[in-house]
Amino acid sequence: QVQLVESGGGLVQPGGSLRLSCVASGFVIVDYRMRWYRQAPGKERELVATISSGGNSDVADSVKGRFRISRDNTQNTVYLQMNSLKPEDTAVYYCNAWWRPSWKEYDYWGQGIQVTVSS
């Protein structure tokens, strides 16, 4: 059974840090592009960070300098380190795994995890 399970969310004060983890099961992530998205209430889902199968990474301008994405293929896990959190970072965060060999596309999503930044 293919699964992506996020953990590490919760309530944190402004300026604080959290590290989200996304553990994959039922498949191996080594060939997959991994992403974190987020969705705040009343807003569209937003791409936060991407890491390629080769380890190249990028983050959205809104979190640049504060968030970092990483992956550990030996643990079949991707991480999102979030520092200097702001109230506007409050959202449900989703992990996504995507791979497209020549004839088929694999696109998996986690169930999401709540991050709330508030004093």
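**Core and fold**

Analyst: In the largest nonpolar core, which has 31 residues, M34, W36, L80, M82 and Y93 touch the most other members; such a core is a set of buried Ala, Val, Leu, Ile, Met, Phe, Trp, Tyr and Cys residues joined through side-chain atoms within 4.5 Å, where buried means under 20% relative accessible area with a 1.4 Å probe, protein chains only. This is a predicted model, in which local features need pLDDT of at least 70, side-chain atom pairs count only at pLDDT 80 or more, and totals for chains, interfaces and linings use all residues. Residues are numbered from 1 along each chain as its sequence is written, and side-chain values use heavy atoms, with hydrogens and water left out.

User: Which strands each supply at least two residues of this core?

Analyst: Those are β3 (18–25), β4 (33–39), β5 (46–51), β7 (67–72), β8 (77–82), β9 (91–99) and β11 (113–117), strands being DSSP runs of E, at least two residues, numbered from the N terminus.

User: And what does L80 touch?

Analyst: Leaving out residues up to four places away in sequence, L80 touches L18, R19, L20, W36, V48, A49, F67, R68, I69 and Y93, with contact meaning heavy atoms within 4.5 Å.

User: How many helices and strands in the protein?

Analyst: There are zero helices (H or I runs of at least four residues) and eleven strands.

User: Switching topic, how much of the protein is buried?

Analyst: Of its 119 residues, 42% count as buried.

User: What about the charges, how far apart are their mean positions?

Analyst: The mean positions of the 13 positive charges (Lys and Arg) and 11 negative charges (Asp and Glu) lie 2 Å apart, with His and the chain ends not counted and each charge placed at NZ of Lys, CZ of Arg, CG of Asp or CD of Glu.

Note on methods:
Buried means under 20% relative accessible area, exposed over 50%, partly exposed in between (1.4 Å probe, protein chains only).
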